[in-house]
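Here are some notes for a colleague who is new to this structure. Please read them with the model open.

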Amino acid sequence: MLYGRSAEQERLARLLAEACAGRSGALLLRGEAGIGKTALLDWLAGTAAAQAHGETTGEGREVRVLRVTGVEPEADLAFGGLVQLLWPVQDRLNALPAPQAAALRAILGTGREQRGPDRFLTGLAVLTVLAELAEDGPLLCLVDDAQWLDRATAEALLFAARRLAAEGVAMVLAGRDDDGFTAPGIPELPLRRLNFEDSSRLLADRGRAPALHSQIITESAGNPLALIEFDAARSDQPHQHAPLPVADRVSSAFRARIGGLPERTRLMMLIAAAEGRGDLPLLLRASELLGVDLGDLAEAERTGLMYVMDGAVTFRHPLIASATYQGAVLARRIAVHRALAEAATDPDCRARHLLAVATGPDQEAALELAAAAGRARGRTAYAAASGLFGQAARLTTDPRQRASWLAEAAALALAAGHAAQADRLAEEAVELADGLADDPAAGARVASVRAAVAFELGDRNEAAHGLLARAGNAAPNSAPPESSGLLRTAAAYGWLAGDADAVRTAAARLATAVGADDPLVEGLERLCEDDAEHGLPLLTHFLEGRPDPSGPRDADEAAQAVRMLALTCGLLLGDDEAAHALASAEVRRCRSQALIGQLPYALDVLAQTHLLAGHHRNAEAAVTEAEEIARDTGMRRRLVRLGAVRARMAAIEGDARRVRELAAATPPALRTGVDCALVLLDLGLGDFGSALSRLDAPPPGPDRYTWLSLSTAADQIEAAVRLGQPERAEEALRHCESWARATTAPWAQAVALRCRALIDDRPEPYAQALHLHEKGGRPFERARTELLYGEWLRRARRPNEARDVLRSALATFERLRAEPWVGRAAAELRAAGERRVAARVPAENPIDRLTPQELQVVRLARGGSSSREIAAQLFLSRRTVEHHLYKAYPKLGVGSRRELARLDLG
């Protein structure tokens, strides 16, 4: 019987009922120790069992229950919780896509497959296996003491929980409110202490006389566990109200009870508390080494402190285990951990106990911890691996190993999404590496990791200059082999940071000290000198020499900046089709190899190419997916960076409120994209003064060659001319024409001609521009050229010609839903003598009725992919895919996949 929990029980019952109806959901119960979280999970499991026999609803639908409990000593044991959860259902792994099955088999130790490099693949695999289990009927997944789950398990479960939709899965997590466990995106249900009435009912049910209720309730402060324990201990250990937290007073009561047990019983309890997992065979081997046995637990069982059943040893409450361990002296705890290490057959378990034994430098323990870290890294449990490498570094007696392991710990912390921790570890590694001048390879590795951390934290200049400092100023052709990689990465970081000096320095040192020809770095250096004529061909050469994008990815974090830059080179070159093909290939590769963590960046670039092609719905779908994945995987900085595409789209469509909201939410260091969108918005709304003042001249160095800055150069020229201040556009025009001459993109040459026509006020460049626009690319820019040319023709009293180009411009603006530009084009048409000009709403496209995710699902289904294949590509469950199809069919006026083939989905 639970007291004072009727509202919580009702909420949990609704969640279970939703799962039985085929809808999924997740909930986090949060509260202090002893508040009744486990009791509510037990009640929910009992309700599910009763429902299977029709005791609650009259319907006998079986609910499968999976359960896992976090164990404090296992918090650093990679995927320990997931093994506990999925071991009973490992026979279902064969139904998973191969990469997902391989990931879970590697964790469970039941296969020889090599898992992929993406830590989020495990979360996707958990989602899929839960959905597969729900095919047989509703599934209830209970996670107790979530604050003690190892981080890898917690990340996988939370990733799955956030992406549950229509599988028939209910997931309930329970965690303490003071132990740092967070679950962004998961609804929370806080558990409050019991009021006086409910506390009295609980005590009355235990047979306590009403006259004694008040004092016990005061001491317990309404904490259910405290009520029970203070009541049980009252006969021989009366408690007085004390200024201690309730959990501390409960622990004190437990320690007092444990202290009254025989010494051999206390030792056996300490072995169980130190072991933590309830592994009975290991406990028996360790107890034999210490001269005690299972019979010594009889008194602890009799008093209800522990249970021994089903081959496991379990404390009635985690606070009892904590009280047992904390109440023992250090020497006794070390002896117990030494025995457990000697008795362990699992190397990771042995390493954990050796760590507890070490009281100072210990090379043997350090090597075993490093080996355990390597195994965790192989399972993509990056947070656990980082912690283990960090612990190994603190125990080793070898300075080189310490620097190397700290660097690896920092790299893995960064891969796990913990940039602040990575920063601390990298700083330690740098301090050590500075004293290892005779080991340039170790120094280069440390510098690469430190730069990657700095870049992720937003200090892009530091990332570049740190690598330059490590590479040093070697004499011609005498630099160590590591310098080439450091300098190339420094150039990439410098470019992405807008630091032209860093790019120049890296290029100069590569050319002299290393003697290497590098088209990427040389091309970037030429662009920093505003030499597009020579820089762009070098970048084209770099892209042509890139390896097959469908191949495996180099996992070294120092190469990440170069890969990011390569993905955007197509846009920088103005070759939108090549950029789209490159981004599409990268997205396909990320999907096929389940590289979830790398997918948002590729989707961001893909969204940019869709936007430039005038496919706004496609751009929205790509950005939406990127945002969802970034949110579900905790990539908060990536989430902010995705705002530029949305801002540009909103600016074209004239949504001033949305553009300004995105600008306000974007940190200054990442504002270039939204600032450019604000310029376009001002231009569309006719606020030419604001448009020109925002970016009065092209930004210096690399920033002037981003795709947004190049577009904005044309915006600045138009604003300056309309204000009657063409002299303020001279620098922008020179830059725009220089870049257009160096690229083969017809649209770019057309835009440069349009800008020249504005400055010179002549028709010939307009006509030449329209001829180039006919070759395709960037319809919004074509419509702008037509609008400006139509205005010129009208002013030149050539209304018939004006109306022709203005009608074309209006049609494009209407299709793009570019409201400010629709208004301008319509006004010009009327001024040119068009009698009936009414802004037309474009004929409704069926895809406009779909959500971004429905659109993606429908397109893949139309292409012939099965629901299972679509689920694997979009990182959803099969049930969710089918749910989206079910919702999309009536919106599209079809009833099956076969009918999708006749639709034009863009």
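The points below cover the nonpolar cores and a group of aromatic rings.

1. The model is predicted. Its largest nonpolar core has 214 residues. Those with the most contacts inside this core include Leu 82, Met 171, Trp 495 and Phe 813. In general, nonpolar side chains in soluble globular proteins tend to be buried together.

2. Leu 86 is also listed with the residues that have the most contacts inside the largest core. Beyond its neighbours within four places in sequence, Leu 86 is in contact with Leu 104, Leu 108, Val 126 and Val 129. Another core lies apart from the largest one and has 46 residues, among them Val 250, Leu 267, Leu 280 and Ala 328.

3. The aromatic pairs come to five. One of them joins Phe 780 and Phe 813 in an edge-to-face arrangement, with 6.0 Å centre to centre and 65° between the planes. This pair links distant parts of the chain, 33 residues apart: Phe 780 belongs to helix α40 (residues 779–795) and Phe 813 to helix α41 (residues 799–815). Both Phe 780 and Phe 813 are buried.

4. Phe 813 also pairs with Trp 821. Here the rings are tilted, at 5.8 Å centre to centre and 35° between the planes.

5. Why does Phe 813 count as buried? Its relative accessibility is 0%, and the term applies under 20%. Trp 821 counts as buried because its relative accessibility is 1%.

Terms used:
Residues are numbered from 1 along each chain as its sequence is written. This is a predicted model: local features need pLDDT of at least 70, side-chain atom pairs count only at pLDDT 80 or more; totals for chains, interfaces and linings use all residues. Side-chain values use heavy atoms; hydrogens and water are left out. A nonpolar core is a set of buried Ala, Val, Leu, Ile, Met, Phe, Trp, Tyr and Cys residues joined through side-chain atoms within 4.5 Å. Buried means under 20% relative accessible area, exposed over 50%, partly exposed in between (1.4 Å probe, protein chains only). Contact means heavy atoms within 4.5 Å. Rings of Phe, Tyr and Trp (its six-membered ring) pair if their centres lie within 6.5 Å; planes under 30 degrees apart count as stacked, over 60 as edge-to-face and the rest as tilted. Helices (H or I, at least four residues) and strands (E, at least two) are DSSP runs, numbered from the N terminus.
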